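Dear colleague,

Please find below the structure that I am handing over to you.

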Amino acid sequence: MSSVAEAHAHAHTGHTETFVSKYVFSMDHKMISKQFLITAVFMAVVGMMLSIFFRLQLGWDGESFAILNAFLGDRWAPGGVLDKNMYLSLVTIHGTIMVFFVLTGGLSGTFSNLLIPLQIGARDMASGFLNMLSYWFFFVSSVIMFLSLFLESGAASGGWTIYPPLSALPQAMPGSGAGMTWWLISMALFIVSSLLGSLNYIVTILNLRTKGMKMTRLPLTMWAFLITAIIGVLSFPVLFSAVLLLIMDRTMGTAFYLSDIIIAGEVLEQTGGSPILYEHLFWFLGHPEVYIVLLPALGITSEVISTNARKPIFGYRAMIGSLVAIGFLSFIVWGHHMFVSGMSPFLGSVFVFTTLLIAIPSAVKTFNYLTTLWRGNIVYTPAMLFSIGLVSTFVSGGLTGIILADSALDINVHDTYFVVGHFHIVMGLSAIFGMFAGVYHWFPKMFGRMMNTKMGYLHFWLTLIAGYGVFFPMHFLGLAGAPRRYYSYSDYPMFDNFVDLNQLVTLFAILGGIAQVVFLFNFFNSIFKGQKAPLNPWKSNTLEWTTPVEHMHGNWPGKIPEVHRWPYDYSKPGIEEDFVPQTVPLAPGEEEH
Amino acid sequence: MTRIFVVLIVALAVIALAQLMRIYQLSSKVRNKKEEEISDTDNRLNASLMLVSLFSFFGFVIWQIVSYGPYMLPEAASEHGADIDQLFSFNWALLFTVFFAVHTVLFVFAYKYHYRPGTKAYYYPHNNKLEFIWTIVPSVVLAGVIIFGLITWNKIQKATGDGAITIELYSKQFDWTARYSGTDNQLGKANYLLVSGTNPLGIISDHSIAERLAEMEESIDSKERKLQSILPDDQADEIEHSIKTTQRLRARVLDIQTKNAGLKSGMDDKVVKGEFHIPVGTEVEFLFRSQDVIHSAYMPHFRLQMNSIPGDVTRFVMKPTITTSEMRLKLNNPDFNYVLMCNKVCGAAHYNMQMDVIVDSPEDYKKWLDEQKPFIAETINEEQIETKQLADN
């Protein structure tokens, strides 16, 4: 090691660290990513439990469950029967936690933080301080969202989309009181966190790439995180304004979203506002949000599939192109959530057109994944299983999206269980599969230990079965006309045929919960007791596997390695090993790709 | 007690798992097994499971289609509903083809190309021709989907409602009210400021305005009387605030009065609760209004859904094609009824905000409508009763 490099390394490791600066207010991207992951795991457990609670009610309407009473108490589950208002709170907070806290904060926060500096060859994020703030805003907003479940008047309960006037008027339902206030504060903080994080990701990827790391040599994870961050920066502020106007309507007597309302016998003065304005503002974030959730998962899968198929990702440039296309299109499709809101039918037609266009880059991605598997040499790590699972759910859920994008068909399935089935498969399952793939794949990098493979297999197969078991039947319920967010269907004879199907769904949901216990055990046990990780366990090409297993500030002792090739030189002809790390210079006469 | 049991079971399960893990870890140490090295057995096992999941997944899907398919999309009972169902069929054919094809390819590849030691994968980074093909083919197919979809959509939306029967569906937490125009074939104007116990939809008429004004003045008077007595400051403030609010609202009602003096179109409107009737084979124009939060009128049998929004009027035009009694015969279910549900979460009783819809033959419809009393008459009747009661006292 040259003396300069030695001095450099020293500068990065030399200062003393206290417990607080290392584990709590850390500015190291690797620690922050672990903080994001652990927080998200906690929130995911909460979100999952909430869903099992309301699934019990949906499977066995009005029956008493001791477990409901044990968790929700006599106030919200008297005699073990779920309260109607609590049912709506559970649905609302489940959605909010899963969409924002697990699949946005958890997925992007964890893997963007961990991988961006490591895969582009940077010592850390562009701003370590903003990065730390990003986590702590996320943490505080998570705490507020979680604690809102314990409010006396109940948590927010107007659905995760919190349409006013329902959410604006405390008289409309108990959850629109204090619960809604907490929800809004939590979301405002969450948006701040997301913006701080996203800005940092964009700046870091654009400016801090190591020598030789051209944009066309970036791993697809980086491209996915970059585009995700750009989408986030452009869309979250719009949600912020929507939230701000809602807060004003709630507290200052303004009428942005309110007009001509009589609520609980009280005649309100507000006139001239429109809740449709809120719907536009909300979905201008809300739809891109779907891709904020999905793109990182697709990026992770691209990386995992290529590595474990021991084969270059097929159509690298097309994969980038489709990411960019999806990112762009995601901003001009929001109106498909509003086909039956009374919006101009012509505008509806425009949104049908733009929405269905998204199917093209999605199809390209799917076919490219399939071709990557074709004649591959697939190593079945748990991460690979989840990635293949993602391709399956991406297809199953994406196809039903074609139905929902078609305004004429949407008339009949809008806001029914068909929608619930659709987005849980395409966004919920796909994104969570991507997240699991990421956890299994980069666990050695995060914690320096290996997760147990056998338990990973068990976790995957149970999760796949439970996932499809829960969400596939929902399409049939929806097509029969069953609306979502209903506490009970017993008053409608037309749904009598679906009682047993609803019970089956609940049983699968419980199985899914058990599967996650396997994961949690494996995860926490491996952090402390897992086998020690080698330097490059998956024989991967990307830069993160050249950093030492023991974390250090600055990531690389000595100089940052230089990059000479794209990250997908797997099984390249003429080379004995089936992988060539990015740091290996091109042999004379060797073509890049 | 249950709580202790649950905690105990969970704790025991975790301990059992931990012990199993320890055994596993110790034994893998002995066998020198490394987690990152996936054994041939494991690769083959997972590859075979991929094949198994192909068949079991398809089996599961087909089982659902066979057992629940008959209940999905109940027979369409409206003219445009049949068009929508046709569009559905076209899309199903396409979707299921792609679904089965892609999944077959995915799982078969996943099975076939599992790791074989000593072999190398085929280095195949890109093929522009291939990528071009699978950009163009989906584009062409989607063009078809879009065109067919938009033709249907425009056909549904183009219905003008000229010569149709206009029915207003009024929503509030947690019920629906229907309003029919009377002999003048015109729904009277309405304003939410006029809503009262006797005028649930706020229909504008001299009578309803006068009634409301009297009510407001009375409320202001009584509050002012209250202010005369000695009150804590905060209560007095509250009452003053409420007087000012009522005065501002009263000014708005006076404004309605000057603009709509002598308006009669609402007097003969018919206000109906519980169930509402529509005639078969006649175009019906629904207008939707909401009193409090967003609701959504959803009638799945007619393939109809439209949000109902406070401060706005939305509409949907449709023509029912099958009467309730015909549908009962078809389904062999004498209790069958078409239903109007709320499909936008609106509060605790959202799930039970429903109203029966009866499709009659034109004759039955006329008979039923004639039986419904005009709403003003009803109010006046009630008033007469009240006056009588006062006189009795």
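I begin with the contact between the two chains, to which chain B contributes 100 residues and chain A contributes 111 residues. Please bear in mind throughout that this is a predicted model. On the side of chain B that touches chain A, two or more residues come from each of the helices α1 (2-30), α2 (40-68), α3 (79-112), α4 (128-158) and α6 (233-259), and likewise from each of the strands β6 (295-299), β7 (304-308) and β9 (338-342). The element that gives the most to this side is α4(B), with 14 residues.

Turning to chain A, its secondary structure consists of 17 helices and 2 strands. A compact globule of 593 residues would have a radius of gyration near 25 Å, and the 24 Å found for chain A agrees with this. Along the principal axes, the C-alpha atoms of chain A fill a box of roughly 80 × 50 × 50 Å. Of the 593 residues in chain A, 64% are buried. If one takes the contacts in chain A between residues at least 6 apart in sequence, 80% of them join residues at least 24 apart.

Helix α6(A), residues 128-147, has 20 residues and spans 29 Å from its first C-alpha to its last, close to the expected 28 Å. Its buried residues are Asn131(A), Met132(A), Ser134(A), Tyr135(A), Phe137(A), Phe138(A), Ser141(A), Ser142(A) and Met145(A). Among the elements that cover these buried residues are α3 (29-59), α5 (84-120) and α7 (178-207) of chain A.

Chain B is divided into three parts: domain 1 (16-81 + 100-121), domain 2 (165-190 + 265-387) and domain 3 (206-262). The centres of domain 1 and domain 3 of chain B, taken over C-alpha atoms, are separated by 69 Å.

Finally, I would draw your attention to strand β5(B), residues 284-290, which is mostly covered, with 5 of its 7 residues buried. Strand β1(B), residues 165-172, runs parallel to β5(B) and is joined to it by 7 bridges. Strand β8(B), residues 314-318, pairs with β5(B) in the antiparallel sense over 5 bridges. Phe286(B) in β5(B) stands opposite Ile167(B), and Phe286(B) also stands opposite Phe316(B) in β8(B).

With kind regards

Key:
Residues are numbered from 1 along each chain as its sequence is written. Chains are lettered from A and ligands numbered from 1 in the order in which they are written. This is a predicted model: local features need pLDDT of at least 70, side-chain atom pairs count only at pLDDT 80 or more; totals for chains, interfaces and linings use all residues. Two residues are in contact if their C-beta atoms, placed from the backbone, lie within 7 Å. Helices (H or I, at least four residues) and strands (E, at least two) are DSSP runs, numbered from the N terminus. The expected span of a helix is 1.5 Å times one less than its number of residues. A residue is buried if 20 or more other C-beta atoms lie within 10 Å of its own, exposed if 12 or fewer, and partly exposed in between; C-beta atoms are placed from the backbone. The radius of gyration is taken over C-alpha atoms; the globule rule is 2.2 Å times the number of residues to the power 0.38. Domain bounds come from an automatic or database domain assignment. Two strands pair if DSSP finds at least two bridges between them.
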